[in-house]
Amino acid sequence: GGPELMLAAGAGAILGHLYPVWLGFRGGKGVATGLGILLALDWRVGALACATWLAAALIFRFSSLSALLAFLLAPLYAWLMAGPRLAVFAILLGALVWWRHRENIRRLVAGEEPRVGKGT
């Protein structure tokens, strides 16, 4: 179907995982899905975003912060590796992830966000 159909399918997948019907449009696994979409659209962009998540998780030990950093840098990776079409998509994808992480951002600022491997 071409690049536009691939981007539309990716957008549908991320929206479906960020706002799942069966969970009352709340919850979901948007970060993992978003990383998978980036891997599918351009493996280099996805690999760099995954590596960013992993490096940030190892350094800071906050999964939410790792996701925010990965999706903050994903548009740059997309621009450098794949061009403006995927970069714009990555900006939109990142904006959705950041929007859904509003509460995590609040907890990070307040020092209340749980660390990876530390439980709640």
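This is a predicted model: local features need pLDDT of at least 70, side-chain atom pairs count only at pLDDT 80 or more; totals for chains, interfaces and linings use all residues.
Figure 1

**Figure 2. Helix H2 alongside helix H4.** Two packed helices are described by the angle between their axes and the distance between the axes. As for handedness, the crossing of H2 and H4 is left-handed. Look for Val31, Gly34, Leu35 and Leu38 on the H2 side, where they meet Ala67, Phe71 and Ala74 of H4. Sorted by class, this contact of H2 with H4 has six nonpolar residues, one polar and no charged ones.

**Figure 3. Helix H2 meets helix H3.** The axes of H2 and H3 come within 5 Å, and the crossing angle is roughly 145°. From H2, the contact uses Leu35, Leu38, Leu39 and Leu41, while H3 brings Trp43, Val45, Gly46, Ala47, Ala49 and Cys50. Go through the classes for H2 with H3 and you get nine nonpolar residues, one polar and no charged.

**Figure 4. Helix H2 against helix H5.** How do H2 and H5 run, roughly parallel or roughly antiparallel to each other? Check the angle: the axes of H2 and H5 cross at roughly 175° and come within 11 Å. Angles over 145 degrees count as roughly antiparallel, so that's the label for H2 and H5. On H2, the residues in this contact are Val31, Gly34, Ile37, Leu38 and Leu41, and on H5 they're Leu86, Phe89, Leu93 and Val97. The contact of H2 with H5 divides into eight nonpolar residues, one polar and no charged.

**Figure 5. Ala49, a buried residue of helix H3.** Ala49 is found in H3. Its relative accessibility is 0%, so Ala49 counts as buried. Skip the residues up to four places away in sequence, and Ala49 touches Leu35, Leu38, Ala70 and Tyr77. Trp99 is 50 residues from Ala49 along the chain, and the C-alpha atoms of the two are separated by 18 Å.

**Figure 6. Thr33, on helix H2.** Is Thr33 buried or exposed? This H2 residue has 14% relative accessibility, so Thr33 counts as buried. Buried means under 20% relative accessible area, in case you want to check. With residues up to four places away in sequence left out, Thr33 touches Ala13, Ile14 and His17.

Figure 7. Arg85 lies in H5 and counts as partly exposed, at 45% relative accessibility. What does Arg85 touch, not counting residues up to four places away in sequence? You'll find Pro3, Glu4 and Leu7. Pro3 is 82 residues from Arg85 along the chain, yet their C-alpha atoms are separated by 9.0 Å.

**Figure 8. Arg61, in the loop between helices H3 and H4.** Zoom in on the loop between H3 and H4, and you'll spot Arg61 there. Arg61 isn't a glycine, but its phi is positive, at about 65°. With a relative accessible area of 33%, Arg61 is partly exposed.

**Figure 9. Val109, an exposed residue of helix H6.** Our last stop is H6 (residues 102-110), where Val109 is found. Val109 has a relative accessible area of 72%, so this residue is exposed. How does Val109 sit relative to Leu35? The two are 74 residues apart in sequence, and 25 Å apart in space from C-alpha to C-alpha.

Terms used. Residues are numbered from 1 along each chain as its sequence is written. Side-chain values use heavy atoms; hydrogens and water are left out. A crossing is left-handed if the near helix is turned anticlockwise from the far one by less than a right angle, and right-handed if clockwise. Helices (H or I, at least four residues) and strands (E, at least two) are DSSP runs, numbered from the N terminus. Contact means heavy atoms within 4.5 Å. Ala, Val, Leu, Ile, Met, Phe, Trp, Tyr, Cys and Pro count as nonpolar, Asp, Glu, Lys and Arg as charged, and the others, Gly among them, as polar. Axes are lines fitted to C-alpha atoms, for helices over the stretch in contact, and angles run from 0 to 180 degrees between N-to-C directions. Buried means under 20% relative accessible area, exposed over 50%, partly exposed in between (1.4 Å probe, protein chains only). Angles under 35 degrees count as roughly parallel, over 145 as roughly antiparallel, 65 to 115 as roughly perpendicular and the rest as oblique.
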